[in-house]
Amino acid sequence: MSEFISFELGSFFANAGILGLLKMLKKDSNSNGMWHFNEDKNVLLVNKEYLLKTDLTELFINTTNSLEEKSGKLPRFLKVLKRIQKDLKERELTKEEIKELNATLNELEANSYKKAFEVLKKENTNLLDLYQLIFLIKNEKSQETILNILEKIIEVLEQKEVFQILFFREIAYRRINKFWDSVSFLNRNNVAKNMKEIHKKTFEEPLKEYLVSNKEGNFCCEECGDLLNSKNCFDYSFLKGTTADTVRKKNDFWNYKVNSWVCPKCRFVYSLIPLGFSKYNQKYLFLNGNTTIESLEKSNMPIYDDILNEEKSTYENILIEYLEKHSRVEHNIEVIIAGESDKRFIVNIIPKETLIVMSECLEELKHLLGQRININDQTIYLYDIVFHNLLKLTDNYNLIGWLMRMYMKEKNINHYYNVKNVSNIQIHLNQKRRGENNLEKEIWVLRNLGKQLHKKILEIKNTKDDDAVNSLAYKLENAARMNDAIGFSSILMRACMSYKVQLPIILLKGLENRNDFQDLAYAYLFGLLAPTKENKDGNESNEGEN
């Protein structure tokens, strides 16, 4: 019977690495039947013989390259190759196009490419010298000769080993170094060495040796709990900003004795973290729900058509994508970020309660994406403010007030609908706080009473201009923002008596409980400010009746 090696969910290091391993397995056509999940789907079981016989380094490089190709933004190496392939296809180049071709070829002269090609050339002496060909093409005048040399350059770049390594060399500095620090091929002492061989010696060979060794010793793996001997003890300080340097910083440990070890299997999993993260513009993100491997995969599978959208570039916005994929929210989630300038992982924990409110207000949040206003010469994104207020369980009344005043001043219908969406989110948050004692019916009644007063004011003043209600609305909004229930009620009652409309007796409930007052007051204001439009019959109706 085949023996299977288990990879169990645990820390976010392990979870991201296991997701990376799963991507590798799915990339390999030879892995069919070689892996499965346990019954609870929180352990990935991989055939031991498969792990021992597979070139895991080759698979790691191919999977990494594949992820970058799909990420929506082509790496520089692929851009260069596509440009020169296009030039060769055209077969006729103007002087300006030849100049552009030389500029394109200059991009291949980056030091990282040169170092990688030098290693390839040493191992394959029959390989044409790429940089000699580039030199020749730059000093050639004949267009036919230029195209012939260009054809040879493309032949070199398209060779499997050259394409794979030059491409991966770039990815090593674009993706891998966001997670690793001075290890394997990213160690400056290994720049002139074969990337595959260095990776094998660093991660793959220790794993395979460990899989066939006896699991005995006096040490314990921090991740999986397996026993280790001195030969099987590895640190994980190669992950950026995660732990002390066990070689140079032993003073960080009690009595200078290092006790922070992981086994070769877990260290190998940690090395796959770059594959577990999804790329969003210049950030790499991992959403950790720590439930099942399937849910982790689902949560961290970006919609590549959307990720280049500027409005979905921050982790807050990515949560909308997460919530769209999950019909139920059962746990807190961690959002882990690895960015361009981040020296360590940034970990944000989003509480379950916040996620539930966000999930139930998903349509309102989606409408707020991309909506921005200018306050005191600063551009403010409404979604960001509402999201952070939800995180802190902070009210949005100041924002609602700003939007109402901006609508009264500018008559921009977007401001009105932004008020509606932010108000609905605030009301929903308050309903969660109140439990069963919600104000849904009262809010609906007050919005309609506000619309009645709006209609009556226009009727008596014989105008269709919504500005006619602004003077009253400004006074009411100021009282609502100050949470002045008595002042608000006094102003409103005088107005209702003057225009002979129904008094909103429900507002008295707000006098009894000041926590309810602002929801009730802003509900009335929302109705009062509802813009009117003429329907096809020439009659007036309120926008946003529902």
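This is a predicted model: local features need pLDDT of at least 70, side-chain atom pairs count only at pLDDT 80 or more; totals for chains, interfaces and linings use all residues.
Local features need pLDDT of at least 70, side-chain atom pairs count only at pLDDT 80 or more, and totals for chains, interfaces and linings use all residues. Residues are numbered from 1 along each chain as its sequence is written, and side-chain values use heavy atoms, with hydrogens and water left out.

The sheet comes first. Strands (DSSP runs of E, at least two residues, numbered from the N terminus) pair if DSSP finds at least two bridges between them. Four strands make up an open sheet, in the order β6-β7-β8-β9, with antiparallel pairing. At its edges are β6 (278-280) and β9 (346-350), each of which pairs on one side only. Strand β8, residues 333-338, is joined to β9 by five bridges. In this part of the sheet, Ile 336 stands opposite Val 347 of β9.

The cavities come next. A cavity is a set of points on a 1 Å grid over the protein atoms alone where a 1.4 Å probe fits but cannot get out. The model has five cavities of 30 Å³ or more. The largest cavity holds about 50 Å³ of space, the volume being the space filled by probe spheres set on the points.

Lining residues have an atom within 4 Å of a point. Those of the largest cavity include Ala 116, Glu 161, Arg 169 and Asn 194. The lining divides into five nonpolar, one polar and three charged residues. Here Asp, Glu, Lys and Arg count as charged, Ala, Val, Leu, Ile, Met, Phe, Trp, Tyr, Cys and Pro as nonpolar, and the others as polar.

Methods
On a 1 Å grid over the protein atoms alone, a cavity is a set of points where a 1.4 Å probe fits but cannot get out, and a pocket is an open set with protein on both sides within 12 Å along at least five of seven lines; lining residues have an atom within 4 Å of a point.
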